[in-house]
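User: I have a structure open and would like to go through it piece by piece. Can you help me read it?

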Amino acid sequence: MSETQQRPTYSANAPYAGAGREPTAWVGFVLFAGIMMLMLGGFQVMEGLVAIFRDEYYLVTRNGLVLTMDYTAWGWTHLIIGLVAIAAGLGVLMGQMWARVAGIVIAVVSALANLAFLPAYPVWSSIVIAVDVLVIYALAVHGRELKNS
């Protein structure tokens, strides 16, 4: 080899070329999803506690809820969804794979629960469903980028 050409040096700890891509601007969207999961979890907990302790707060149309259940049961459902969403949101912020999977699952469950709760609280349930869809998209498509950044 001539002196102008040098061999590249490799380290055992360094990843090989092309192993990792640079994070894109979507990292912010995944961070947003983690923070939204914390917020949605908190809101679900509040909604659940209201349904448990003050079930007369919610008004229902003549047809009632999609699933006929007592508001106390709905309250416990929302409370459990909220606590799991908070835990998954913290895990997403730390870049954990289990949290991404749990976040997607809990966002789907949250959307379905709020769809069934729609007659009791239509505006709030619609907002929660929309945010759940954004969380699912961010975690499913761009979730890996947060751990790499």
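User: Where is the place of Leu-31?
Analyst: Leu-31 sits in helix α1. Helices are DSSP runs of H or I with at least four residues, strands are runs of E with at least two, and both are numbered from the N terminus. Before going on, note that this is a predicted model, where local features need pLDDT of at least 70, side-chain atom pairs count only at pLDDT 80 or more, and totals for chains, interfaces and linings use all residues. Residues are numbered from 1 along each chain as its sequence is written, and side-chain values use heavy atoms, with hydrogens and water left out.

User: Is Leu-31 buried, exposed or partly exposed?
Analyst: Leu-31 is partly exposed, because its relative accessible area is 38%. Buried means under 20%, exposed over 50%, and partly exposed in between, using a 1.4 Å probe and protein chains only.

User: Which residues make the nonpolar surface patch?
Analyst: Leu-31, Ile-35, Met-39, Leu-90, Leu-93 and Met-94 make a patch of about 520 Å². Patch residues have over 30% relative accessible area and no salt bridge; like charges are joined within 9 Å, and nonpolar side chains (Val, Leu, Ile, Met, Phe, Trp, Tyr) within 5 Å. A salt bridge is a side-chain nitrogen of Lys or Arg within 4 Å of a carboxyl oxygen of Asp or Glu. Accessible areas come from the Shrake-Rupley method with a 1.4 Å probe, and for residues only the protein chains shown count as cover.

User: Which helix gives the most to that patch?
Analyst: α1 does, with three residues. Both α1 (26–53) and α2 (71–93) supply at least two each.

User: New topic. How many aromatic pairs are there?
Analyst: A search of the whole structure finds one. Phe-43 and Trp-124 are edge-to-face, 5.0 Å centre to centre with 80° between the planes. Phe-43 is in helix α1 and Trp-124 in helix α4, 81 residues apart. Rings of Phe, Tyr and Trp (its six-membered ring) pair if their centres lie within 6.5 Å; planes under 30 degrees apart are stacked, over 60 edge-to-face, and the rest tilted.

User: And what is the accessibility of Trp-124?
Analyst: Trp-124 is at 23% relative accessibility, so it counts as partly exposed. Phe-43 is partly exposed too, at 29%.

User: What about Ser-125, buried or exposed?
Analyst: Ser-125 counts as buried because its relative accessibility is 0%. Ser-125 lies in helix α4 (residues 122–142). Leaving aside neighbours within four places in sequence, Ser-125 contacts Asn-114, Phe-117 and Leu-118, where contact means heavy atoms within 4.5 Å.
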